[in-house]
Amino acid sequence: MRTLLGGVTLAGLVGGLVMGLGIAPREMTQGNVQRIMYLHVPSVWVAYLAFAVVLVASIVYLVRRAEAADRLAHASAEVGVLFTGLTIATGSIWGKPTWGTWWTWDARLTTVSILFVMYLGYLLLRGMIDDRERGARFAAVLGIVAAFNIPLVHFSVLWWRTLHQPPSLMKPGPTMPGIIVAALLVNFAAFTLLYVYFVSRRTRVLRLEAEAEA
Amino acid sequence: MTADNWSFVFAAYGLAAVVLATYWRFLVRREKELDDASVVRRQMRQESGRPEPQARASGHPSS
Amino acid sequence: MLLFVFQFALGPDRERLAGTLPGLLWLGFILSGLLGLGRTFLVERENDCWEGLLLAPGDKSAIYVGKLVGNILLMLVIETILLVLFGFFFNLDLASALPGLAVVIALGTVAFAAVGTLFAAMTAQVRARELLFPVLLLPVEAPVLLATVKATEAVLLGETLGSVAHWLKLLAAADVVYVAVGVLTFDFVMEG
């Protein structure tokens, strides 16, 4: 089952690569640098997905005390931090030739950076509590606080800065040529599959670790 | 026509590939370690006749 | 102490100083807040009353609310002192801005104390608590910091509260969310 998922994920990634680097056309205003978007935007999406899963899993854990929910929250947070970091890095690399600077405090980069530090703190908390059960409980509480904080972060940063491009996929009616949207969607799918693949492997590792300690 | 900056594109894709591949390798290696360890534990238990502990899938003993 | 550091760091350029004052003010609030909030449960820890807290019958959330109110009052006292000192050292006209300032400070303090009290309970028993507590609290409070600084800026410039209504609404929303989550999850934190 996992090898099937792995295979499909790999296929998706290759497809995304082909679409992003090859088939998608050279963008008008930014040139080929715009292709980084096929990495950057799906990464952000996966990060938000991951943190939403952390929220749900955290609530389930507190209500039902299912160890599996705790492991899911842990794994999802870790993968989420991974993709958040990737979002920041790709955003920065995209920004250098586009805006002339490695870093800028625009809305998306700032928001994602705050999320990065928040959930890094989540992982730190887990790492620093030795009691497994208490660690799970506290992490769940933090997971809930962090998730509810996301909209607050989003809006506060947005009102504070308006340099970044407006979110492209959210606007009604396509503002980008169809082939670019298609390439983006393929990468979205590929990254989502990768998320599922990573989380499933990570939860398995966590379960094996728990068994080893028993 | 704006400059193409392919080096940045490759830097970004390359970085993503390295990061994701590294994480994947971490997962695969850790899983193998733990799988091997659990096989060894199972063999030891069979030799001494002790019962196997179950991973707690749901519910939780109160502390 | 903080005031001197800020003054030295930024130099005597009056214009630039005026621009950064709201940020400095809230930095001051936050730094002292971190110190105060971090110690919320220190007394219980040191005097071995922790188990007493855990065993106390009834809704643990009451403990949270009690600690929260205490923290809010503590922070308000500190903030008032800091505000007066700021006004004195940087020659601000606080009288006219006071009602607006009071609103912003009140909203921001509740948001800060609500999460701070919860996190203080969570980190009370962790090794390296002094490090983990600010690391957890500061990113979460980032939107609150943004909102309060922006609103304070406007108030100090003499603008009406209405002009920063969106920031105030954000702060109010944050207050509601943080206190609600705190009340609902405190039981889980205090189980053991």
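**Exercise 1.** Is the crossing of α7(C) and α8(C) left-handed or right-handed?

*Solution.* This is a predicted model: local features need pLDDT of at least 70, side-chain atom pairs count only at pLDDT 80 or more, and totals for chains, interfaces and linings use all residues. Residues are numbered from 1 along each chain as its sequence is written, while chains are lettered from A and ligands numbered from 1 in the order in which they are written.

Step 1. Locate the helices (DSSP runs of H or I, at least four residues, numbered from the N terminus). α7 of chain C covers residues 129-156, and α8 of chain C covers residues 165-189.

Step 2. Take the geometry. The two pack at an angle of about 145 degrees, with axes 9 Å apart. Axes are lines fitted to C-alpha atoms over the stretch in contact, and angles run from 0 to 180 degrees between N-to-C directions.

Step 3. Assign the hand. The crossing is left-handed, meaning that the near helix is turned anticlockwise from the far one by less than a right angle.

**Exercise 2.** Which helix gives the most to the side of chain A that touches chain C?

*Solution.* Step 1. Contact requires C-beta atoms, placed from the backbone, within 7 Å. Chain A and chain C each bring 26 residues.

Step 2. α4 (107-128) and α5 (132-160) of chain A each supply at least two residues of chain A's side. α5(A) gives the most, with 17 residues.

**Exercise 3.** Where is Pro151(A) found?

*Solution.* Step 1. Pro151(A) is in helix α5 of chain A.

Step 2. From Pro151(A) to Thr111(A), the C-alpha to C-alpha distance is 9.8 Å, at 40 residues apart in sequence.

Technical notes. Contact = placed C-beta atoms within 7 Å.
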